[in-house]
Amino acid sequence: MTDVTELLPGSAATWQDTAPAPRIDPALHIDTTLPPRERLAAWVRRHALRRQHAVAVFAASRNPERGLPVARARRAFSFVGELLSTRRTRLVAMIGFNVAAAVAALVVPRLLGDLVDDAAAGAALSSTDVVLASVLGIVVLQAVLTFAAKRASAVLGYDLLAAARESVVGTVLRLPLGHVEAASAGDLVTRITSDVSKMSNAVRWSLPHLVTSASMVGLTVVALLLNSPLLTLPLLVSGTILFLAVRHYLRNAIAGYITESATYSRINATITETVEGARTVEALGLAGLRQARLDGDIAESGQAERYTMSLRNLLFVWIDFAFQFPLVLVVLVGTWGYDAGLVTVGQVATAAIYLQQLVGPLDRLIQVLDHLQVGVAATTRLLGVAEVPEDRTPGPDRPVGSEVVGRDLRFAYRPGRDVLHGITLSLAPGERLAIVGPSGSGKSTFGRLVAGINRPRTGDVRVGGVDVMDLPLDLLRTEVCLVTQEHHVFVGTLRDNIMLAREGDATDDQVRAALAAVDARDWVAKLPDGLDTMLGRGRTELTPAQAQQVALARLVVADPHTLVLDEATSLIDPRTARHLEGSMHALLADRTVVAIAHRLHTAHDADRIAVLIDGRIAELGSHDELMDADGEYAHLWRTWRS
């Protein structure tokens with residue numbers, strides 16, 4: 001199989017222009033022509049290879065070279081424990097109702113056993129009606145308690161789920177943006193979709209059922225002991241088998257499920273990158289290579305799933321044996337005990353019923369353990385996001401003034417491959433600088449360094465004499481803000497979406513002024529509830545252009561002195577964009593603006609224009625100066641105008 005680093009997030013190798021090496025070890029291929037004994041031996045070898053690979057991936061996931069780490073299992077249990085500690089009342093209610101329902105379920109077999117003993121002893125059955133009435137009453141009580149237990153479990157489960165999701169979202173939003181974007185998009189998508197879903201199932205289903213099943217199993221064992229210690233002995237054999245089988249499963253399952261999830265991230269990364277780079281794939285004829293890579297990802301995922309499936313199948317084999325064997329032993333031991341006068345027929349009947357009742361809860365308990373392993377693996381991946389190291393340590397210094405200076409800026413997304421090569425540039429307060437150049441020349445990277453998203457490999461960007469990477473994020477965003485062509489409309493009112501930039505302390509007048517500044521007043525006036533209109537999925541949907549105007553309005557409300565606009569009007573048609581930029585001109589007059597755009601009319605209006613070619617400033621000057629120089633910018637301008 002592939003090297004373990006290939007299964008960890010990161011897309012460094014996904015655009016190689018040579019055919020990838022075989023991803024699957026030939027020993028993992030199935031040969032159906034072998035005789036049964038050799039096929040079994042081959043399966044054992046394949047299982048061992050898959051286990052070795054899972055262990056290697058699991059070990060590497062703790063501190064990956066690229067991408068997001070995976071937390072330890074004890075961190076997941078601690079996380080759930082912290083959530084439960086603040087919900088003791090609901091936890092006690094769930095446990096109490098489940099225990100009460102389990103006790104009620106155990107009373108009926110004991111009553112029936114006593115009835116059998118009375119009949120075997122030839123006693124009068126005048127009390128039969130009372131016993132049957134008692135059984136009926138207990139069954140009704142059990143149904144009521146079971147309903148209450150399920151309801152308490154559901155309330156606690158959904159409450160835990162909501163709290164867990166809020167915690168995960170809060171963790172993700174606190175992550176350093178540079179680290180998040182350096183990770184594979186597929187890995188991040190998998191963690192916040194598939195892993196959240198698995199965690200959700202574990203919290204809502206597995207945790208309540210664990211309490212229910214464990215209560216029923218424990219109380220049934222107690223009832224068996226109270227009924228007859230002798231007839232409880234067969235359960236020791238079953239318990240030993242289950243203990244050994246479950247211990248083997250738990251030792252290997254986490255690594256298997258972590259590896260399985262890693263392959264899902266790999267598949268998502270390949271698909272995402274191929275779709276987003278579809279034009280490049282088509283232009284360079286990489287479709288076959290990308291398809292081959294996806295086929296390899298899927299094949300590797302299949303091997304990971306075969307391993308976890310084998311673990312479950314081995315567990316189920318022993319479980320089936322452990323379920324059936326005690327019942328046979330109870331009959332044999334009960335027959336011997338009855339002949340020896342150690343037990344009665346009623347005790348044997350009661351023990352048989354208890355053992356039969358034990359099959360369901362034990363089966364559910366094993367299923368719960370399986371689901372919990374999946375949930376724990378998913379939770380460790382989610383909590384691993386919180387273990388991403390901080391990319392900055394705020395210092396005590398604060399900016400004096402608003403001058404922006406970048407010195408000797410070099411940056412590499414991959415070691416040894418700089419995309420910026422020693423850029424030095426100063427921005428005077430209130431200056432408008434346009435950054436132009438061909439795709440891939442480093443324009444957006446330069447903007448991200450100015451905004452303090454990424455730390456340069458060499459050099460620094462200073463605002464008011466202080467390195468932007470030494471400023472607290474909340475302060476940095478009042479100094480420099482970045483708006484890209486990517487935008488998001490959150491579920492909430494239009495007012496809330498815009499006030500996010502000021503943590504909710506902006507006034508309605510400021511919100512309306514911001515919307516007017518970005519030329520959004522007309523369509524906002526047509527909304528059914530004005531600023532109180534609910535936006536987001538399932539509510540009022542905005543067009544891409546309107547969503548981008550909302551993003552720009554957030555920028556206006558944030559009121560930083562330096563703005564980095566990375567193709568911020570790219571989703572608006574050229575005429576509207578030109579009008580919008582014109583209406584914003586007065587608003588931006590007193591601010592420093594770094595505008596990165598492909599539409600060169602933005603450059604035409606700038607005070608200075610920097611032409612980036614291959615990560616270097618090839619030209620710097622005003623529109624007229626660069627046109628007179630008849631260099632790269634003049635060529636771009638004539639091409640754009642033609």
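In this predicted model, helix H4 (88–120), helix H5 (128–173), helix H7 (185–227) and helix H11 (345–384) each supply at least two residues of the lining of the second largest pocket. Among the contributors, H5 gives the most, with 8 residues. The pocket has a volume of about 430 Å³. Its lining comprises 21 residues, and those closest to the centre are Asn98, Thr146, Lys150, Thr212 and Arg364. Sorted by class, the lining of this second largest pocket holds 9 nonpolar, 9 polar and 3 charged residues. Rolling a probe the size of a water molecule over the atoms shows where empty space is left.

**Helix packing**

Helix H8 (residues 233–276) packs against helix H10 (residues 287–339) and also against H11. The table sets out the geometry of these two contacts.

| Helix pair | Angle between axes | Distance between axes | Crossing |
|---|---|---|---|
| H8 and H10 | about 165 degrees | 9 Å | left-handed |
| H8 and H11 | about 30 degrees | 9 Å | right-handed |

With an angle of about 165 degrees between their axes, H8 and H10 are therefore roughly antiparallel to each other, since angles over 145 degrees count as such. The residues of the contact of H8 with H10 divide into 27 nonpolar, 10 polar and 9 charged.

For H8 and H11, the packing angle is about 30 degrees. This value is under 35 degrees, so H8 is roughly parallel to H11.

Strands of a sheet pair through backbone hydrogen bonds, either parallel or antiparallel.

Strand E1 (residues 404–414) is joined to E2 by 8 bridges, and the two strands run antiparallel. Within this pairing, Gly406 has Leu425 of E2 as its bridge partner. E1 and E2 form a hairpin with 2 residues between them. In the turn of that hairpin, Gly416 has a positive phi of about 85 degrees.

E1 is also joined to strand E4 (residues 458–463), here through 5 bridges and again in the antiparallel sense. The bridge partner of Arg410 in E4 is Thr458.

**The sheet of 6 strands**

A further open sheet is formed by 6 strands in the order E6-E9-E10-E3-E11-E12, and its pairing is mixed. The edges are held by strand E6 (480–483) and strand E12 (616–621), each with a single partner strand, so one side of each is left without a neighbour in the sheet. From one strand to the next, the twist averages 15 degrees.

Within this sheet, strand E3 (residues 432–436) and strand E10 (residues 592–596) pair in the parallel sense over 4 bridges. In this pairing, Ala434 stands opposite Ala595 in E10.

**Summary**

Definitions and conventions. Residues numbered from 1 in each chain as written. Predicted model: local features only at pLDDT ≥ 70, side-chain atom pairs only at ≥ 80, totals over all residues. Heavy atoms only, no water. 1 Å grid on protein atoms, 1.4 Å probe; cavity = no way out; pocket = protein on both sides within 12 Å on 5 of 7 lines; lining within 4 Å. Points joined across faces, edges and corners; volume = space filled by probe spheres on them. Nonpolar A, V, L, I, M, F, W, Y, C, P; charged D, E, K, R; others polar. Axes fitted to C-alpha atoms, helices over the stretch in contact; angles between N-to-C directions. Parallel < 35°, antiparallel > 145°, perpendicular 65-115°, else oblique. Left-handed = near helix turned anticlockwise from the far one by under 90°. Pairing = 2+ DSSP bridges.
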